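Here are my notes on this one, written as a set of numbered points. Keep the structure open beside you and look up each residue as you go.

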Amino acid sequence: MPSKPVTTVLFDFAWTLFARDPNRWVGSAAALVGREVAVGEAQRIAADFAELLRTTATDPAHIARDLDPQVWDRAILAVLQQIRGVDLPFARALHETHAEALEPYADTSSTLAALSARDIRLGVVSNVGWDIRKCFARHGLDRYIDAFILSYEVGFVKPDVRIWRTALDALAAQPDRTLMVGDHPSGDGGSVTAGVPALVLPMVSSPAQLRGFDHVLTLAGI
């Protein structure tokens, strides 16, 4: 962990700060195509989608999706169709509703507010092919974020050391006074190649749950 007082915290986006509510996401998509959702199916589809994205996050065959919005759209449709019971029309509906279904975890807002109140600069470093700023703005959280470092905008994908260097430059941050927080060991944990300690949190299934950010506050001296 940082050996000096933390002045900057970098967060991953999906499954770190935000997640999809399974019932809301799958239910709204199913309604668009007139499909019934069996008991427990929404949770299974959401869990399968999360696992597929995580397992392919650093796969060279999938990196292109995080660098180009058009490739992202095609790739996500392909991933969704790998899930049992998801055909192309349903996949399109799931893709159409995924952004609106993203919600912050129960302790996301309070954590960002507490860090910001201590003048700790905050950045979001995400492998993604679309503009996630709209999610932060929808929940009034964009005011806390000093910089968004998105793979499709900067041209680098985690764990490429260059995305961390870009983040450090954007925030005028020193590696040994910065903390990276995420959920993916090889992706988010890649920050150590740039000298940035990483806190990798276990997955939490629902945005209604606490994400475990008390560890972040402790490391930041709050």
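1. Start with F18. Is F18 buried or exposed? Its relative accessibility is 0%, and buried means under 20%, so F18 counts as buried. Bear in mind as you read that this is a predicted model.

2. Now go to F13, which has 3% relative accessibility and therefore counts as buried too. What does F13 touch, once residues up to four places away in sequence are set aside? The list is F18, L102, V124, V125, S126, W130, I132, C135 and F136.

3. Let's look at the rings. Searching the whole structure turns up seven aromatic pairs. F13 and F18 make a tilted aromatic pair, with 5.2 Å from centre to centre and 40 degrees between the planes.

4. Zoom out a bit to the largest nonpolar core, which has 59 residues. The members that touch the most other members are F11, F13 and F136. Helix α2 (residues 41–56) supplies the largest share of this core, with six residues. Why does the core lie between domain 1 and domain 2? Because domain 1 (8–18 + 103–220) and domain 2 (22–97) both give residues to it. As a rule, nonpolar side chains in soluble globular proteins tend to be buried together. Another core, of 16 residues, lies apart from the largest one, and L168, M180, V196 and A198 are among its residues.

5. About those two domains: the bounds, 8–18 + 103–220 for domain 1 and 22–97 for domain 2, come from the domain assignment of the protein. How far apart are the C-alpha centres of domain 1 and domain 2? They lie 23 Å apart. Where the domains meet, 19 residues of domain 1 are in contact with 13 residues of domain 2.

6. For background, an α-helix has 3.6 residues a turn, so residues three or four places apart point the same way.

7. Keep going into the loop between α8 and β6 and you'll find R177. With a relative accessible area of 24%, R177 is partly exposed. Leaving out residues up to four places away in sequence, R177 touches K4, P5, V6, T7 and T8. R177 and N127 are 50 residues apart along the chain, and 23 Å separates their C-alpha atoms.

8. The charged end of R20 sits over the ring of W25, at 5.3 Å from the ring's centre. R211 has its charged end over the ring of Y105, 5.3 Å from the centre.

9. Is E41 buried or exposed? Its relative accessible area is 11%, so E41 is buried. Apart from neighbours within four places in sequence, E41 is in contact with R35 and E36.

Technical notes: Residues are numbered from 1 along each chain as its sequence is written. This is a predicted model: local features need pLDDT of at least 70, side-chain atom pairs count only at pLDDT 80 or more; totals for chains, interfaces and linings use all residues. Side-chain values use heavy atoms; hydrogens and water are left out. A nonpolar core is a set of buried Ala, Val, Leu, Ile, Met, Phe, Trp, Tyr and Cys residues joined through side-chain atoms within 4.5 Å. Buried means under 20% relative accessible area, exposed over 50%, partly exposed in between (1.4 Å probe, protein chains only). Helices (H or I, at least four residues) and strands (E, at least two) are DSSP runs, numbered from the N terminus. Domain bounds come from an automatic or database domain assignment. Contact means heavy atoms within 4.5 Å. Rings of Phe, Tyr and Trp (its six-membered ring) pair if their centres lie within 6.5 Å; planes under 30 degrees apart count as stacked, over 60 as edge-to-face and the rest as tilted. A charge sits over a ring if NZ of Lys or CZ of Arg is within 6 Å of the ring centre and within 35 degrees of the ring normal.
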